[in-house]
Amino acid sequence: MHMDMQAVYQARWKRVADATAMKEPDRVPIIPVMEAFPVYYGGQTIQACMEDYTKTEACFDKFFADFKPDLGWDPVMIFPAPALAAVGINWFRWPGNGIDNPNIMYQYIEDEYMKADEYDEAIFDMTQFMMSKWMPRSFAKLQGLKKLYFRNAMWFGFLGTLGSIDDEVLESFEAAAKSARVLAGWNKYLADYRVKMKEQFGMPLAYGGFAYAPFDMIGDSLRGTEGILCDLYDQPDKVLKLIDHVTEYAIQDQIAGATASGIPYVWFWLHKGVDEFMSDEMYAKFYWPSLQRYIVALCDAGLVPVIYAEGRNTTRLKYFKDVPKGKVIYDFETMDMALAKRELGDVACIAGNLHNSLLTYGTPEQIITETRRLIDTCAPGGGFMLDTSCLVDDAKPENLMAMFETVERYGLY
């Protein structure tokens, strides 16, 4: 790495670390989560970059050359379409597959990929359930996995296990292998680009892992919103038991993966615990205890949970206080940031929340005013990072640049 870029990299790393520890860094860090914006800014389409992931490189190069965040996002949000198509993914739509416009962001299709009467099965053996039920329901070309059973393959049990591998199973393996080869290339491409981010642009990677509240893991991916809502009333004990089960392996897997990455920041994408979704009583029973356990475990492992609080979480601030001091970042979408500063200022770093609608439809003058307001409100005493309200897609470049330039000039301590 060139000496100048090494110094830039270290300065950015320290700036974020100081803010995380609720200290005053040299200036307010700026950490917007980039999704499709670099693709648009680089003159490509989402469809073109998903179909050929190498096309993202020039786009992100241009972004980092012109914009200089303190934590950077590689093209990880632009998934490789050939890997998705190879396994026939059912819960995803993207340009060229269910979406006609080549520049409309991909979409998640929620459904009940675990049935209401399958809690006991998932609790008893989550691996078997995921392999034989969730995977075939989620991927049209992996139907053969329904026939696999490895739990009792000991001794000559392997004869039955391997004997169940018929042509349908082999076809599923072939589809999985085709997807795996694409993903292996994509992962190497991302790894190489992260080196480039560091050495050419002095840019620390923003994430060492992605995480979810255990309740969301079940509600988002297994039962769906309607299903999990009904379960809270119809079978609450089983919901809690599966949450506990999921929390345990999520903690183990996340600590192993994020520690190996060398990047401490683990981003929690919160979905179903917003103010409008569940009562305080329900939140205290089903949502917060497992999330808090997860957060504390990562802090104890030397990692930094970044709680990306999507939606409105005003009534949750009293819970958010119950975390290790100076070890957590709360990044808010819809929040009175003055209130967040008062409630959490002696516990955790807060981040947010310049609204994306302003970046898309506002003017540079409005962006400057709002950025200064957030800095004036949240920066004194440290423990604040400037972010947008959600992942950045269709922003006006001049508005995004106004946000960056205002932080660089006005966010000095």
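This is a predicted model: local features need pLDDT of at least 70, side-chain atom pairs count only at pLDDT 80 or more; totals for chains, interfaces and linings use all residues.
View 1. Strand β1 covers residues 92-95 and is joined to β2 by two bridges, the two strands running parallel. The sheet is open and consists of three strands in the order β2-β1-β3, with mixed pairing. Its edge strands, β2 (98-99) and β3 (107-108), each pair on one side only. Strands of a sheet pair through backbone hydrogen bonds, in either a parallel or an antiparallel manner.

View 2. Leucine 84 lies in helix α5, which spans residues 81-87. Its relative accessible area is 15%, so leucine 84 counts as buried, the cut-off being under 20%. Leaving aside residues up to four places away in sequence, leucine 84 touches Met50, Phe79, Ile89, Phe92 and Trp94. Alanine 176 is 92 residues from leucine 84 along the chain, and the C-alpha atoms of the two are separated by 10.0 Å.

**View 3. Tryptophan 73 in the largest nonpolar core.** The largest nonpolar core has 134 residues, and those touching the most other members are Trp73, Leu242, Trp267, Tyr330 and Phe332. Helix α12 (residues 280-300) supplies the largest share of this core, eleven residues. With residues up to four places away in sequence not counted, the contacts of tryptophan 73 include the aromatic residues Phe60, Phe64, Tyr207, Phe210, Trp267 and Trp269. Pro32, Val33, Met34, Met197 and Ala206 are also among the residues that tryptophan 73 touches.

View 4. Helix α4 runs over residues 56-66, and its buried residues are Thr56, Cys59, Phe60, Asp61, Phe63 and Phe64.

**View 5. A nonpolar patch on the surface around phenylalanine 158.** The patch is formed by Met154, Trp155, Phe156, Phe158, Leu159 and Leu162, which together have about 780 Å² of accessible area. Phenylalanine 158 belongs to helix α8, residues 158-163. The relative accessibility of phenylalanine 158 is 34%, and it therefore counts as partly exposed.

Definitions and conventions: Residues are numbered from 1 along each chain as its sequence is written. Side-chain values use heavy atoms; hydrogens and water are left out. Helices (H or I, at least four residues) and strands (E, at least two) are DSSP runs, numbered from the N terminus. Buried means under 20% relative accessible area, exposed over 50%, partly exposed in between (1.4 Å probe, protein chains only). Contact means heavy atoms within 4.5 Å. A nonpolar core is a set of buried Ala, Val, Leu, Ile, Met, Phe, Trp, Tyr and Cys residues joined through side-chain atoms within 4.5 Å. Patches are made of residues with over 30% relative accessible area and no salt bridge: like charges are joined within 9 Å, nonpolar side chains (Val, Leu, Ile, Met, Phe, Trp, Tyr) within 5 Å. Accessible areas come from the Shrake-Rupley method with a 1.4 Å probe; for residues, only the protein chains shown count as cover. A salt bridge is a side-chain nitrogen of Lys or Arg within 4 Å of a carboxyl oxygen of Asp or Glu. Two strands pair if DSSP finds at least two bridges between them.
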